[in-house]
Amino acid sequence: IFTTIVGWILLRQQFDRRFLLGMAIAVFGSIALVANDFSLTADKLAGDSLALASALFWGGYLLVTEKLRDRSSIMAIATWESILSTIFFLPVMAISGDELFPHSLQGWLTAIVLGICVIFTVGLTTYSLKWLSSGLVATLSLLHPAITTILAWSIFSETLDFLNLLAFLVILLGSYWVTSSKTGVKNTFYEIE
């Protein structure tokens, strides 16, 4: 929602009714997916506040990366993102008292695998923003909780109730509507086909 609204206001991006309806359906499905976890306790509100802040930062990241993608290469964006992230998180880790480097082979392997995953994620997200609007990418990110729920069910034997399955189908329907709208796909994509 944040990415689409800011993209519309600041970047003058246009979205048709099909896109907006699909986004609303996918957001509704995401809310339904987590509805049974809703609580007003202090720890849940703190977690929800962090999730909201994360959504705002993710939307800002997509908007900035989309704008940079018009002028810079994927490698330049990924390099600067890594440098700025390191500069920002080193003081945070120093203040929190966390260790900077792993002390075991398993720790190093975990760090290497996570680094490879981050490189692929940044590269593919940055690449996609040349062809797709940040609003479309952000809306498709709503599939993450649904996919995580399915993986938790299949790997960890988590229970899925009817509401989870219904919410997953609603998110898929919203994602279909968003991707079938041509306003989320940039004109340059159609020019190369």
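Tutor: Start with helices: they are DSSP runs of H or I with at least four residues, while strands are runs of E with at least two, and both are numbered from the N terminus. The model is predicted, so local features need pLDDT of at least 70 and side-chain atom pairs count only at pLDDT 80 or more, while totals for chains, interfaces and linings use all residues. Residues are numbered from 1 along each chain as its sequence is written, and side-chain values use heavy atoms, with hydrogens and water left out.

Student: Which residue takes a positive phi just after α1?
Tutor: Arg 12, at about 60 degrees. Most residues other than glycine have a negative phi.

Student: What about Ser 157, what is its phi?
Tutor: Positive, about 55 degrees, and Ser 157 is not a glycine. Ser 157 sits in the loop between α7 (143-156) and α8 (162-180).

Student: Is Ser 157 buried or exposed?
Tutor: Exposed, because its relative accessibility is 61%. Buried means under 20% relative accessible area, exposed means over 50%, and partly exposed is in between, using a 1.4 Å probe and protein chains only.

Student: Step back. How many helices and strands are there?
Tutor: Nine helices and zero strands. Along the sequence that reads α-α-α-α-α-α-α-α-α.

Student: What does the C-alpha trace span?
Tutor: About 50 × 45 × 30 Å along its principal axes. Of the 193 residues, 28% count as buried.

Student: Which residues of α1 are buried?
Tutor: In α1 (residues 2-10) they are Thr 3, Thr 4 and Gly 7. They lie on the same side of α1, because they cover an arc of only 100 degrees around the axis. The arc is that of the directions from the helix axis to the C-beta atoms.

Student: What covers them?
Tutor: The cover includes α2 (17-33), α3 (42-69) and α6. For contacts, the rule is heavy atoms within 4.5 Å.

Student: On to Leu 129. Where is it?
Tutor: In the loop between α5 and α6 (134-140). Leu 129 counts as buried, because its relative accessibility is 0%.

Student: Which residues does Leu 129 touch, leaving aside neighbours within four places in sequence?
Tutor: Leu 62, Thr 65, Glu 66, Arg 69, Ser 134, Val 137 and Lys 186.

Student: Tell me about Glu 66. Where does it lie?
Tutor: In helix α3. Glu 66 is buried too, at 6% relative accessibility. Beyond neighbours within four places in sequence, its contacts include Leu 11, Leu 129, Ser 133 and Lys 186.

Student: And Ser 133, which loop holds it?
Tutor: The loop between α5 and α6. At 4% relative accessibility, Ser 133 counts as buried. Leaving aside neighbours within four places in sequence, Ser 133 is in contact with Gln 13, Phe 15, Glu 66, Gly 184 and Lys 186.

Student: How far apart are Ser 180 and Gly 22?
Tutor: They are 158 residues apart in sequence and 9.1 Å apart in space, C-alpha to C-alpha. Ser 180 lies in helix α8 and is partly exposed at 30% relative accessibility.

Student: New topic: aromatics. How many aromatic pairs are there?
Tutor: A search of the whole structure finds five. One of them is Tyr 127 with Trp 131, edge-to-face, at 6.3 Å centre to centre and 65 degrees between the planes. Rings of Phe, Tyr and Trp (its six-membered ring) pair if their centres lie within 6.5 Å; planes under 30 degrees apart are stacked, over 60 edge-to-face, and the rest tilted.

Student: Last one, the surface. Which helix gives the largest share of the nonpolar patch?
Tutor: Helix α5 (residues 105-128), with seven residues. Patch members include Leu 90, Phe 101, Trp 108 and Phe 120, and the patch has about 1100 Å² of accessible area together. Patches take residues with over 30% relative accessible area and no salt bridge, joining like charges within 9 Å and nonpolar side chains (Val, Leu, Ile, Met, Phe, Trp, Tyr) within 5 Å. A salt bridge is a side-chain nitrogen of Lys or Arg within 4 Å of a carboxyl oxygen of Asp or Glu. Accessible areas come from the Shrake-Rupley method with a 1.4 Å probe, and for residues only the protein chains shown count as cover.

Student: Why does Phe 120 count as exposed?
Tutor: Because its relative accessible area is 54%.
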